[in-house]
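Here are some notes on the model below. Please read them with the structure open.

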Amino acid sequence: TSPLTHDSAIVIVGGAGTIGSSTALHLCRRGYKNITLLDVYGFPSDYVTYGPSQSAGAGDINKHIGTSYSGTRGEISDMTMDMWRNDPVFKDYYHEVGELTAASLPEHIADLRKSYKAKLNHPNKSEEIKWLGDREEIIAHCPHLANGLVDGWQGIWTEKAGWGAANDAVDSVGRELRNFGVKMIFGQPGTFGRPLIDEATTRCVGVITKDGEKHYADRVVMATGAWSPSLIDLAGQCVSKCWIVAHLEVSEEEARRYKSIPVVYNGEVGFCFEPRFIRHHEPGKDRWIIKLCDEFPGYTRFMETTPFGAEEPIKVSVPRSHSAHPTDTVPEEGMRRLRRVVEVMLPEFTEREFVKSYMCWCTDTADAEWLFCQHPSHPGLYLATGDSGHSFVTLPSAGSQVVDLLEGKASAERMRRWGWRPGRGDPEGTGRGGVAPKDLSDLDGWAHGDDERAE
Ligand code: FAD
């Protein structure tokens, strides 16, 4: 490929998502001047134009933020947390309310105990990590759980963790990118069609979008999250799965009582956050929302499709977003799990209906490490995906790693770890351990109209 210079044309597909926007930010900060973002949706404040989006992993009201301990995310955790606390683009969107990670089944408590010991000896150890050994200790740190079903719970208390206002933080990155003069093309004109390949050299020289427009580039970065394996044949290295998110509306008085509660995570049940005030673009629709998620092996949606690079249709788990299909419901068993999260963690609201529920998609690699590499057959085409469900926290820092890769500065060890690794894929979707995920097609209650096809 031609050498990378500050004037090289760089197209980021999925540029309004977590890894894509982070990559653009780090490119700008390192002096690159010719950057174009393509995305189906824009940044959250563009949603008024493009319709509310729950497509992007980042299009969400809050995400857990805290020190990471494993893989590349662990190695860059100091930079990540420093940027959440101090970088002007991020610092207003991080809420350090603390976090409880708990379990009640003996085998899960034993696993957490092991993880606690490993964290104590880890160089990233937060001074504030504590083991909470019984109900009293749990309630001393999370008083709102006093009426919760927490008998037998034990777990890890982390003082220096909390949540990020995901959509606002990504929006802040978007504003910064506009200040840098980054070109942004959203909606159908920003929707990826296929890469432009120079037949003589097999080099990627740009992208054709769905509207037929050609966008020539020296480097193309595919940061398309859970959509990546259905757009480019990734040889089974990433499997996209969804989890379910629900919103519970609370009154201002209730919000006051739950203000600054820690993030509570129990892998047997799910997790929830303190209430967030959500401004709506329509007058009178502002509201306080508690977000909660279920925890389970995720659902796949396998179907035959032909991503770029596949010679014939192959089986890929293809996301189906709520924003493109707003009348989609969620599987009945998922709804039961979400009600259980409320019963266990927020019993005051056991009878309250959710105001929203939808599925949120990630793409898992077998080892939960990123797939950040150049495409093996098409120089100039870079993959920046494989988020494995833990990458929002790296919004400030993930892009630095992608830019290191583009600049040839990534260490040999990181290139090996993130590299194209066929044969180490996760075709059955079991990368997180435990049982294989169910497929959405086998589940009841998931009303999805007639247009059951790849997006
Ligand atoms: P995204 O942020 O999803 O970005 C992909 C972008 O590609 C989107 O903007 C999308 O619109 C765009 N795109 C897709 N198709 C096309 C196309 N054809 N053309 C152009 N653009 C396209 N992580 C945490 O760190 N903490 C958490 O608490 C947490 N909680 C989670 C809870 C749930 C329920 C889920 C599902 C995920 C959670 N995650 C969390 C994971 C986190 O959201 C993801 O790891 C992260 O957002 C993935 O970033 P990404 O850039 O790969 O994808």
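1. Strand β20 covers residues 302-305. Met303 and Thr305 make up its covered face, while Phe302 and Glu304 sit on the uncovered one. Helices (H or I, at least four residues) and strands (E, at least two) are DSSP runs, numbered from the N terminus. The model is predicted: local features need pLDDT of at least 70, side-chain atom pairs count only at pLDDT 80 or more, and totals for chains, interfaces and linings use all residues. Residues are numbered from 1 along each chain as its sequence is written, and side-chain values use heavy atoms, with hydrogens and water left out.

2. The partner of β20 is β21, residues 314-317. The two run antiparallel and are joined by four bridges; pairing requires at least two DSSP bridges between two strands.

3. Helix α1 (residues 18-29) meets helix α7 (residues 166-179). Their axes come within 10 Å and cross at roughly 35°. Axes are lines fitted to C-alpha atoms, for helices over the stretch in contact, with angles from 0 to 180 degrees between N-to-C directions. The crossing of α1 and α7 is left-handed, meaning that the near helix is turned anticlockwise from the far one by less than a right angle.

4. At this crossing, α1 contributes Ser21, Ala24, Leu25, Cys28 and Arg29, and α7 contributes Val170, Val173, Glu176 and Leu177. Contact means heavy atoms within 4.5 Å. By class, the contact of α1 with α7 has six nonpolar, one polar and two charged residues. Here Ala, Val, Leu, Ile, Met, Phe, Trp, Tyr, Cys and Pro count as nonpolar, Asp, Glu, Lys and Arg as charged, and the others, Gly among them, as polar.

5. Helix α4 (residues 77-86) has Ser77, Thr80, Met81, Met83 and Trp84 as its buried residues. Buried means under 20% relative accessible area, exposed over 50%, partly exposed in between (1.4 Å probe, protein chains only). Down the axis of α4, these residues fall within an arc of 160°, so they line one face of the helix. The arc is taken from the directions from the helix axis to the C-beta atoms. They pack against α1, β3 (63-65), α3 (71-75), β4 (94-95) and α7.

6. Check two backbone angles. Ser260 is not a glycine, yet its phi is positive, near 65°. Ser260 is in the loop between α9 (252-257) and β15 (263-266). Ser260 counts as partly exposed because its relative accessibility is 38%.

7. The other is Ser388, with a positive phi of about 55°. Ser388 lies in the loop between β24 (381-385) and α11 (398-406). Is Ser388 buried or exposed? Its relative accessibility is 3%, so Ser388 counts as buried.
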